[in-house]
Every structure is written in structure tokens, then in C-alpha cells.
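Hi,

Here is the model I promised to pass on.

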Amino acid sequence: MEKLHGTVKSWEDNKGFGFIEHPDEADLFVHFSALINMRVRSLEPGQKVSYVIAPGIRGDQAALVELED
């Protein structure tokens with residue numbers, strides 16, 4: 001699986017989800033359960049992340065999400 005790179009566009013901390021700006025595509029849904037690091041339960045707009053795309057109930061979404069250095 002190739003990891004893609006993007007930027008967190010928005011995050012609703014009280015709902016546990018947000019969107020990643022996915023290069024050359026529509027924004028990608030991300031849920032807190034997709035975060036690899038169990039100590040990280042939220043993201044901040046502007047953070048750089050790596051991820052893979054996985055099928056979800058309502059279409060593609062981010063999975064195996066990691067913060068980049």
C-alpha cells in the first residue's frame with residue numbers, strides 16, 4: 001500500500017472526524033479511529049499527514065493516518 005501525503009483541512013474535535021486535503025481530488029473524510037497512534041485522538045487544521053485510501057460506507061476515506069514530522 002502506497003502512503004499518500006496531505007494536509008488536515010478541518011477537524012471537529014467534539015465529533016471525532018474531519019477532512020484531509022487530498023491532492024488533485026476531493027477532500028477525504030477521516031475519522032479518529034483511522035489514526036494509527038493510539039495516543040493521538042484529534043488532528044489540527046494545517047497538520048501534514050500520511051494515509052492510505054480505504055472504502056467507507058459513504059465512499060472513500062482516509063485510513064492508517066499518521067502525523068508527519
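**Notes on the model**

T7 sits in strand 1 (residues 4-12); strands (E, at least two residues) and helices (H or I, at least four) are DSSP runs, numbered from the N terminus. Before I go on, the ground rules: this is a predicted model, where local features need pLDDT of at least 70 and side-chain atom pairs count only at pLDDT 80 or more, while totals for chains, interfaces and linings use all residues. Residues are numbered from 1 along each chain as its sequence is written, and side-chain values use heavy atoms, with hydrogens and water left out.

Back to T7. It counts as buried because its relative accessibility is 16% (buried is under 20% relative accessible area, exposed is over 50%, partly exposed is in between, with a 1.4 Å probe and protein chains only). The side chains of T7 and K48 are joined by a polar contact of 3.0 Å. By that I mean a pair of N or O atoms within 3.5 Å; within protein, one must be able to donate a hydrogen and the other to accept it, and residues adjacent in sequence count only if both atoms are side-chain atoms. Not counting residues up to four places away in sequence, T7 touches F19, I20, E21, G46, Q47 and K48, where contact means heavy atoms within 4.5 Å.

**The whole chain**

The protein has zero helices and five strands, so along the sequence you read β-β-β-β-β. Its radius of gyration is 11 Å, which agrees with the value near 11 Å for a compact globule of 69 residues; the radius is taken over C-alpha atoms, and the globule rule is 2.2 Å times the number of residues to the power 0.38. The C-alpha trace spans about 30 × 25 × 20 Å along its principal axes. Of the 69 residues, 32% count as buried. Among contacts between residues at least 6 apart in sequence, 47% join residues at least 24 apart. The protein exposes about 4700 Å², and carbon and sulfur atoms supply 51% of that (Shrake-Rupley areas with a 1.4 Å probe; for residues, only the protein chains shown count as cover).

**Two buried residues**

L43 is in the loop between strand 3 and strand 4, and it counts as buried because its relative accessibility is 2%. Leaving aside neighbours within four places in sequence, L43 is in contact with V8, W11, V30, L35, V49 and L67. L43 and S10 are 33 residues apart in sequence, but 8.3 Å apart in space, C-alpha to C-alpha.

S50 belongs to strand 4 and is buried too, with a relative accessible area of 7%. With the neighbours within four places again left aside, S50 is in contact with K3, L4, H5, L64, V65, E66 and E68.

Which residues make the nonpolar surface patch of about 340 Å²? They are M1, I36 and L64. Patches are made of residues with over 30% relative accessible area and no salt bridge; like charges are joined within 9 Å and nonpolar side chains (Val, Leu, Ile, Met, Phe, Trp, Tyr) within 5 Å. A salt bridge is a side-chain nitrogen of Lys or Arg within 4 Å of a carboxyl oxygen of Asp or Glu.

I36 lies in the loop between strand 3 (28-31) and strand 4 (48-56), and is partly exposed at 38% relative accessible area. L64 is in strand 5 (residues 59-67) and counts as partly exposed at 37% relative accessibility. The phi of L64 is near 50°, a positive value in a residue other than glycine. Most residues other than glycine have a negative phi.

Cheers
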